[in-house]
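Work through the exercises below with the sequence and the structure in view. Each task is followed by a solution in steps.

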Amino acid sequence: SPVHTKSGELVSEEYLQALLLCYNSMTKPGISGDAALLAEDLEPQELAIYVGELFDKWMEAGAEAKKRWVLYAASIHGGSDIIKRLYHQIQEWPQNARGAIAADAVQALALNPQPQALLIVDGIARKFKFKQVKTAAGQALEFAAGQLGLTREQLEDKIVPSLGFDEHMERRFDYGSRSFTVTITPALEVEIFDESGKKLKNMPAPGAKDDAEKAAAAYGEFKEMKKQMKTTVSSQKQRLEMALSTERLWTVPAWQELFVRNPIMHQFAIGLIWGVYEDHKLVQSFRYMEDGSFNTEDEEEFILPGTQPESAPGGQSESGTQGQPGTVQGQIGLVHPLELSEESLETWKQQLEDYEITQPIEQLERAVYHLAQEEQEGKSLERFGGMLINDLSLGGKLTTLGWYRGSVQDAGCFYTYYREDASLGLGAELHFSGSFVGSGVMGGEEVTVYDVRFYKAGTIERGSYCYDEVEGEKQIPLKDIPPRYFSEIVWQLTKATASSKERNEDWKAKAR
């Protein structure tokens with residue numbers, strides 16, 4: 001397709017070939033400063049169509065890995081249209097033994113300037129079936145964060161989209177002769193209202209009396225917003241689950257920026273119980289109210305550390321319970337139920353019930369698990385030992401919860417699942433009787449669960465025919481595992497083994 005300059009002149013084929021040569025000649029594919037300079041004067045939508053056609057021709061020719069530079073040229077200049085096509089291929093390629101090119105596609109997607117591209121990469125890094133692609137997504141985010149001088153977690157916070165909603169959780173769609181207001185509910189669903197304030201079941205299709213161009217654009221934007229809303233909500237639920245599991249903490253300004261000012265995260269925030277932490281210890285729990293205020297479990301006013309209440313000059317809350325701003329220091333994180341007394345837990349549950357609030361993730365109702373007295377001196381956790389379970393069920397649930405298949409050993413068999421949480425420096429490895437790679441073709445077999453071992457993250461070598469073991473100095477005794485992490489690992493494994501109805505009492509002999 002033809003490409004013009006922004007001033008309307010037709011661009012020569014040689015000029016466009018020069019732009020593509022910038023990518024073709026790169027030793028390591030990525031952003032090309034020379035290509036950016038050449039593209040600066042071109043009409044961006046026409047260039048997007050051009051590189052989209054290039055991508056199609058590359059696909060038709062078999063998507064040769066040696067010409068993977070096409071992925072980067074298409075992603076960087078392909079606008080928003082290329083995002084869906086790349087994401088589709090990222091999902092398709094690994095299923096056809098093309099994990100390497102899918103990993104390249106993820107890294108290319110991270111370079112697309114549209115905000116939703118990084119959001120998709122974040123989702124892949126958080127939850128994707130194929131480890132190679134998931135790892136590539138994580139590396140792409142780390143690289144992007146480094147370029148911006150941020151940590152990966154800070155970058156993930158910044159790429160959460162507002163989806164066009166304002167601070168009142170509203171977005172207006174203009175049809176010309178009429179308009180509609182869409183709001184986000186505390187349940188993270190959308191509601192549609194006409195100009196009279198009447199609630200509608202669906203966004204009306206453009207009509208004869210509407211401005212054809214405006215109405216078509218607004219209707220298309222609404223449908224796209226709904227798709228992005230679904231993706232965003234799913235991704236942020238996963239992030240909040242991880243934050244709860246790994247005790248993610250925010251500074252007060254960073255927390256306000258993400259959970260107060262972003263309209264999507266604002267709706268998440270009001271359904272959760274938060275805490276102020278000092279040296280990783282809970283000092284005070286609080287709730288963020290829909291009207292923008294904060295309160296305690298006793299429904300008294302709470303002042304965020306270091307902030308000045310609007311209604312009470314000098315920092316003294318009307319109730320007097322918090323004192324001067326700054327007397328409570330620290331950071332903000334999600335409260336885990338094991339940190340609350342039984343009385344506090346019930347009080348918070350009652351408050352949410354009174355306000356008819358359903359939590360967006362399982363928090364207060366989350367099951368809590370403690371190290372038993374007889375486990376205090378143990379090196380491995382044996383409470384799941386002997387459980388009999390279908391290997392497809394076990395693997396599917398663990399993968400969904402962020403675990404990976406362990407090293408493939410002799411005859412294509414693997415005997416472990418593991419997860420690592422680098423922010424905590426911890427890992428957990430589940431041992432079982434073993435399963436063959438590709439066993440799903442046969443419908444799955446019954447396997448026996450053995451024990452769980454904790455270790456220092458990054459100390460175990462993984463890969464085909466690796467036989468590294470969690471033992472010696474790499475292994476961490478059960479009593480040294482932080483209570484929250486221990487509880488979360490047991491919670492995940494309880495979910496993963498829930499379908500087990502029988503136990504093999506002789507499992508220890510077989511495990512040896």
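**Exercise 1. Two loop residues**

Find where Leu-188 is placed, and decide whether Leu-188 is buried or exposed.

Solution. Step one is the location: in this predicted model, Leu-188 belongs to the loop between β2 (179-184) and β3 (190-193). Step two is the backbone: phi of Leu-188 is near 60 degrees, a positive value in a residue other than glycine. Step three is the accessibility: Leu-188 has a relative accessibility of 9%. Buried means under 20%, so Leu-188 counts as buried.

Now do the corresponding steps for His-280: in which loop does His-280 lie, and is His-280 buried or exposed?

Solution. His-280 is found in the loop between β6 (273-278) and β7 (281-288). The phi angle of His-280 is near 65 degrees, again a positive value in a residue other than glycine. The relative accessibility of His-280 is 54%. The cut-off for exposed is over 50%, so His-280 counts as exposed.

**Exercise 2. The helix α11**

Which residues of α11 are buried, and how are they arranged around the axis?

Solution. First, list the buried residues of α11: Val-252, Trp-255, Leu-258 and Phe-259. Next, look at their directions: these residues cover an arc of only 135 degrees around the axis, so they are on the same side of α11. Last, turn to the N-terminal end of α11, which is capped by Thr-251. A side-chain oxygen of Thr-251 lies 3.2 Å from the backbone nitrogen of Ala-254.

**Exercise 3. Cysteines**

Solution. For Cys-466, the closest cysteine sulfur is in Cys-413, at 15 Å. A disulfide needs sulfur atoms within 2.5 Å, so 15 Å is too far for a bond. As for accessibility, Cys-466 has a relative accessible area of 13% and is buried. Cys-22 also counts as buried, at 13% relative accessibility.

**Exercise 4. Glu-92**

Place Glu-92 in the secondary structure and state how accessible Glu-92 is.

Solution. Glu-92 is in helix α5, which covers residues 81-92. With a relative accessible area of 35%, Glu-92 is partly exposed. For a distance check, take Ala-102, 10 residues from Glu-92 along the chain: the C-alpha atoms of the two are separated by 8.3 Å.

**Exercise 5. The largest pocket**

What is the volume of the largest pocket, and which residues lie nearest its centre?

Solution. The space in the largest pocket is about 1400 Å³. Its lining has 49 residues, and nearest the centre lie Ala-125, Arg-126, Met-242, Arg-419 and Asp-421. Elements that each supply at least two lining residues include α7 (115-126), α10 (212-246) and β13 (413-421). The largest share, 10 residues, comes from α10. Sorted by class, the lining has 21 charged, 14 polar and 14 nonpolar residues.

**Exercise 6. The whole chain**

How many helices and strands does the protein chain have, and what box do its C-alpha atoms fill?

Solution. The secondary structure comes to 16 helices and 17 strands. Along the principal axes, the C-alpha atoms fill a box of roughly 80 × 70 × 40 Å. Of the 512 residues of the chain, 47% count as buried.

Definitions and conventions:
Residues numbered from 1 in each chain as written. Heavy atoms only, no water. 1 Å grid on protein atoms, 1.4 Å probe; cavity = no way out; pocket = protein on both sides within 12 Å on 5 of 7 lines; lining within 4 Å. Points joined across faces, edges and corners; volume = space filled by probe spheres on them. Helix = DSSP H or I, 4+ residues; strand = E, 2+ residues; numbered from the N terminus. Nonpolar A, V, L, I, M, F, W, Y, C, P; charged D, E, K, R; others polar. Buried < 20%, exposed > 50% of the residue type's maximum accessible area, 1.4 Å probe, protein only. Arc of directions from axis to C-beta. Polar contact = N/O pair within 3.5 Å; in protein donor to acceptor, adjacent residues only side chain to side chain.
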